[in-house]
Amino acid sequence: MKKGKRLLALISVLSLSLLAGCGNQEAKPEGEAQTDDAQTLVVYTARSESLNNAVIENFEAETGIHVEVVTGGTGEVLKRVRSEAENPQGDICWAADESMLKDYTDCFEKYVSPEDEKMMEGYKNVTGYSSPAFCDPTVFIVNTDLAGDLKIEGFADLLNPALKGKIAAGDPVNSSSAFQCLIAGLYDMGNGDPMSEDAWKWASGLVENLDGVSLTSSSQVYKGVAEGEYIVGLTWEDPAAAYVRDGVAVKVVFPKEGALMSGQCVSIIKGAPHMENAKKFVDYMLGDACQSYVGKNLTVRPLRQDVQLNDSLTPWSEINRLESYDGEWVAANKAAVTEKYSECLEDAH
């Protein structure tokens, strides 16, 4: 996608906002160019640039529908959808997994794509409002040059004193990927109970090995490991696998205790100005052409049945999936988890 489109995205959406606020558009005087609003779609996304580009550019080429893209962090995108609920300006929210979307169903249109039946078990639209499209597993990125003979296979290994000050982790209060890594570790080390004594004993040990430091940006995690500042980082598969694909001296490790394999969802915003185009976009994202293209060309994990993965991605059969994860519990208790983790950070100082 051209950079100019991104730079103009916000202006475009603000223009739509003004038009929507004025009710039905008045016809332009004869001789002036007419804008075909029926061939437009506005997408709010928190996904990676490579995924946005691939999906959206191909959708535009296949349908002729012009897509205006507004990017932001997960929290920013959801906040925007909520704030515009009385006068929606976007059509698509592509931002988070079902646990984070639980409290936003009133902002979404009920729609189950005909393609939903082709998705993998565990990744179907069970709420009626959000369709899992791609998977962002929690992984470790390990610098193979620095790690040497150190065993880094799971969350328990992160407590090794030899890794003190050499682990990169984000701030789970502000980063969705950091929070997912934390909650996966708590579930795994707490034997399925993320608030157990064992779980938080592990969390305290992790914070001690972090030297009480959480990085402010999720990109600092994988970049720091790839550039040799850290031995291991807690991140998600896409950027880590991209480094592997590009020949950087890193490897992707799925924690042996169990990786969180949540599906990142696409939802139609309630009252979307371009409702039919929004439905076409959801259908396209879940369709074979889009899912197969992503599986073949990107380091993002598609969720449609029988889609082939490229060699940069670990086969599903080699991953131990975290089965005890309860998305509803996590959504209801996120604040309590992050508050407790912040207390661990304070105690480490």
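Ala, Val, Leu, Ile, Met, Phe, Trp, Tyr, Cys and Pro count here as nonpolar, Asp, Glu, Lys and Arg as charged, and the others, Gly among them, as polar. The model is predicted: local features need pLDDT of at least 70, side-chain atom pairs count only at pLDDT 80 or more, and totals for chains, interfaces and linings use all residues. Residues are numbered from 1 along each chain as its sequence is written, and side-chain values use heavy atoms, without hydrogens or water.

**Pockets**

A pocket is an open set of points on a 1 Å grid over the protein atoms alone, where a 1.4 Å probe fits, with protein on both sides within 12 Å along at least five of seven lines; lining residues have an atom within 4 Å of a point.

| Pocket | Lining residues by class |
|---|---|
| Largest | 19 nonpolar, 20 polar, 11 charged |

The largest pocket holds about 1,200 Å³ of space. Ala46, Arg47, Gly73, Thr74 and Ser176 lie nearest its centre. Helix α6 gives the most to this lining, five residues. The second largest pocket holds about 390 Å³. Nearest its centre are Glu98, Gly122, Ser262, Arg321 and Tyr325.

**Core**

A nonpolar core joins buried Ala, Val, Leu, Ile, Met, Phe, Trp, Tyr and Cys residues through side-chain atoms within 4.5 Å; buried means under 20% relative accessible area (1.4 Å probe, protein chains only). The largest core has 53 residues; Leu41, Val55, Ile92, Trp94, Phe134 and Phe281 touch the most other members. Helix α10 (residues 275–286) gives the most to this core, seven residues. Apart from it lies another core of 34 residues, including Tyr187 and Leu345.

Note on methods. Buried means under 20% relative accessible area, exposed over 50%, partly exposed in between (1.4 Å probe, protein chains only). Helices (H or I, at least four residues) and strands (E, at least two) are DSSP runs, numbered from the N terminus. Grid points are joined across faces, edges and corners, and a volume is the space filled by probe spheres set on the points.
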